[in-house]
Amino acid sequence: MVALVPDLENISLDRWDHPMFRQYAICADVLRLDKIHPEISGNKWFKLKYYLEKARETNKQKLVSFGGPYSNHLLALAAAARLNNFSSIGFIRGEEPKRMSHILLAAREYGMDLRFLSREEYNRKKKSAGFNNPGEFEPDTLPIPEGGSGTEGLRGAEEILSVIDPGPYSHICCAVGTGTTLAALINNSRPGQKLIGVSVLKGTRDFEPMNISWIKNKPDLLNVQIVHADHFGGYGKYSKSLLDFMNEVYSESGIPTDFVYTGKLFYSITRMTSIKAFIPGSRILVLHTGGLPGNRSLEAGLLRF
Ligand SMILES: *Cc1c(COP(=O)(O)O)cnc(C)c1O
């Protein structure tokens with residue numbers, strides 16, 4: 001069997017040094033899931049793992065999923081499918097653009113068959129995948145929900161915290177898209193540990209990004225917070241100040257971030273530090289969920305890494 005690829009040995013726990021952290025007597029460690037693989041990065045590998053296993057067990061040949069033109073999930077799926085001898089189809093929301101995003105070009109390099117659908121058609125198809133609608137997909141196909149969420153995605157994401165001992169941390173923070181990763185952290189947190197998710201979507205409220213049914217064992221949701229103030233205008237939006245901040249983080253600690261997810265997460269943590277959201281002595285674990293290939297869609301020279 002071809003190796004399942006991504007190298008969990010590469011994951012490291014790096015200290016993120018920020019002058020403000022010393023001032024407020026807190027410390028932050030970054031779990032570098034971005035180092036697993038250059039394209040199957042971060043949490044996407046964990047979320048795909050059990051879908052690959054299911055496809056093998058049920059003798060499926062094709063992996064099918066859904067996403068927008070900047071979907072890290074589709075690129076991760078394309079690469080993971082290739083490396084594991086599956087073919088892959090990506091349904092993309094919206095018309096085929098004149099200039100394809102770097103993410104989609106890279107997915108195509110891995111052999112993904114890209115199919116562009118109108119919004120209505122996309123939503124219809126996505127829904128029928130959720131219900132595993134026979135007839136909508138060929139029998140040798142395994143449909144995977146958008147963003148790699150769903151039962152198998154959650155199960156894989158629940159393994160993220162087994163890479164290290166999360167015991168000593170008072171807070172665990174991650175970026176939130178579908179909320180699968182945050183739900184997985186909630187399911188694995190210790191009593192009293194605080195969990196903070198930073199939503200990168202605009203217009204979401206409270207626990208809205210997340211499917212509450214993913215949360216098991218009725219944890220104390222008072223310990224969970226989803227921050228809605230640091231999306232920088234919405235999904236994929238950014239400002240010069242965000243990019244400046246990302247450059248600063250890289251200069252200070254050598255940690256590269258992406259402008260769609262982790263840059264906003266890191267920014268949010270410093271903003272919350274400045275309003276004393278973390279009491280002195282707090283130990284923060286920051287999940288670096290990857291996403292670095294997305295930076296290729298930025299104009300060259302804007303980022304120092
Ligand atoms: C997809 C993605 C997320 C969001 O994960 P969810 O489980 O969907 O909330 C966070 N960070 C990066 C880098 C991602 O690519």
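A residue is called buried under 20% relative accessible area, exposed over 50%, and partly exposed in between (1.4 Å probe, protein chains only). The model is predicted, so local features need pLDDT of at least 70 and side-chain atom pairs count only at pLDDT 80 or more, while totals for chains, interfaces and linings use all residues. Residues are numbered from 1 along each chain as its sequence is written, and side-chain values use heavy atoms, with hydrogens and water left out.

**Exercise 1.** Work out whether Asp113 is buried, exposed or partly exposed, and find what it touches.

*Solution.* Start with the place: Asp113 sits in strand β5 (residues 113-117). Helices (H or I, at least four residues) and strands (E, at least two) are DSSP runs, numbered from the N terminus. Next, take the accessibility: Asp113 has 33%, so it counts as partly exposed. Now look for contacts, meaning heavy atoms within 4.5 Å. Skipping neighbours within four places in sequence, Asp113 touches Ser88, Ile89 and Gly90.

**Exercise 2.** Describe helix α2 (residues 43-57): what is its span, and where is its kink centred?

*Solution.* First the span: α2 has 15 residues and covers 23 Å from first to last C-alpha, close to the expected 21 Å. That expected value is 1.5 Å times one less than the number of residues. Then the kink: α2 bends by about 30 degrees, centred on Lys49. The bend at a residue is the angle between axes fitted to the seven residues ending there and the seven starting there. Just past the helix, Asn59 has a positive phi of about 55 degrees.

**Exercise 3.** How are α8 (residues 240-253) and α9 arranged: roughly parallel, antiparallel, perpendicular or oblique?

*Solution.* Get the geometry first: the two axes come within 10 Å and cross at roughly 85 degrees. Axes are lines fitted to C-alpha atoms, for helices over the stretch in contact, and angles run from 0 to 180 degrees between N-to-C directions. Under 35 degrees is roughly parallel, over 145 roughly antiparallel, 65 to 115 roughly perpendicular and the rest oblique. So α8 and α9 are roughly perpendicular. Their contact is made by Leu242, Phe245, Met246 and Val249 of α8 with Gly263, Lys264, Phe266, Tyr267 and Thr270 of α9.
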